[in-house]
Amino acid sequence: MLYACIDLWIERRIDREKSTKVLLIIPLILLLLSWSILEAISPSLPPFTKEDAIEFATSGEGTDIDLFPDKAGTWKGTFEGYHVQRSTRAKKLNKELYLVTLKKTGPTGNEKDTM
């Protein structure tokens with residue numbers, strides 16, 4: 001029904017040789033108005049922190065990443081009979097951009113799987 005009413009209104013404006021520029025401006029105004037209202041009432045997102053970056057990087061369930069500490073630090077222990085050391089670190093690169101490093105040191109002290 002709304003479409004029919006708008007179509008009839010446009011047809012009458014064209015028959016009376018009136019401008020139809022209003023029809024182009026109204027949707028743009030409605031879009032900008034609704035966008036600004038939604039922007040004003042929406043809560044802002046909390047900042048992305050170093051802890052969030054580490055949690056996101058170590059959230060691979062069922063993978064080798066699961067074995068790394070889910071907080072910044074080092075885990076030392078025995079895995080399949082070998083002394084293993086796994087480290088998780090995060091370095092801030094930008095305002096909300098972090099480089100998360102997962103490092104595993106194997107039985108002879110050599111870095112085996114650096115991710």
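This report describes the overall form of a predicted protein model and then looks at selected residues.

## Confidence

The model is predicted. The protein chain has an average pLDDT of 83. A score of at least 70 is reached by 91% of the residues.

Helix H2, residues 21-41, has the highest mean pLDDT, at 90. Strand E4, residues 111-114, has the lowest, at 49.

## Fold and overall form

The protein chain contains three helices and four strands. Read from the N terminus, their order is α-α-α-β-β-β-β. The chain is more spread out than a compact globule, because its radius of gyration is 29 Å, well over the 13 Å that the globule rule gives for 115 residues. Along the principal axes, the C-alpha atoms fill a box of roughly 90 × 25 × 20 Å.

Of the 115 residues, 15% count as buried. Take the contacts between residues at least 6 apart in sequence: 23% of them join residues at least 24 apart.

## Surface and charge

The side chains include 16 positive and 16 negative ones. The centres of these two sets lie 7 Å apart.

Glu17 sits in the loop between helix H1 (2-15) and H2. Most residues other than glycine have a negative phi. Glu17 has a positive phi of about 60 degrees, although it is not a glycine. Its relative accessible area is 73%, so Glu17 counts as exposed.

Pro43 belongs to the next loop considered here, between H2 and H3. Pro43 is exposed because its relative accessible area is 74%, and the cut-off for exposed is over 50%.

Asp66 is found in the loop between H3 and E1. Its relative accessibility is 40%, so Asp66 counts as partly exposed. Leaving aside residues up to four places away in sequence, Asp66 touches Thr58, Gly60 and Glu61. Pro47 is 19 residues from Asp66 along the chain, and their C-alpha atoms are separated by 25 Å.

Leu67 lies in the loop between helix H3 (50-57) and strand E1 (73-79). Leu67 is partly exposed, with a relative accessible area of 36%. Beyond four places in sequence, Leu67 touches Phe79 and Arg86. Trp35 is 32 residues away along the chain. The C-alpha atoms of Leu67 and Trp35 are separated by 44 Å.

## Strand E2: Arg86

Is Arg86 buried or exposed? Arg86 has a relative accessible area of 3%, so it is buried, the cut-off being under 20%. Arg86 is placed in strand E2, residues 82-94.

Which residues does Arg86 touch, not counting those up to four places away in sequence? Leu67, Phe68 and Pro69 are among them. Gly73, Thr74, Trp75 and Phe79 are also on the list. Lys103 and Lys104 complete it. Leu67, partly exposed at 36%, is thus a contact of an Arg86 that is buried at 3%.

Definitions and conventions
Residues are numbered from 1 along each chain as its sequence is written. This is a predicted model: local features need pLDDT of at least 70, side-chain atom pairs count only at pLDDT 80 or more; totals for chains, interfaces and linings use all residues. Side-chain values use heavy atoms; hydrogens and water are left out. Helices (H or I, at least four residues) and strands (E, at least two) are DSSP runs, numbered from the N terminus. Buried means under 20% relative accessible area, exposed over 50%, partly exposed in between (1.4 Å probe, protein chains only). Contact means heavy atoms within 4.5 Å. pLDDT is the predictor's confidence in each residue, from 0 to 100. The radius of gyration is taken over C-alpha atoms; the globule rule is 2.2 Å times the number of residues to the power 0.38. Lys and Arg count as positive and Asp and Glu as negative; His and the chain ends are not counted. The place of a charge is taken as NZ of Lys, CZ of Arg, CG of Asp or CD of Glu.
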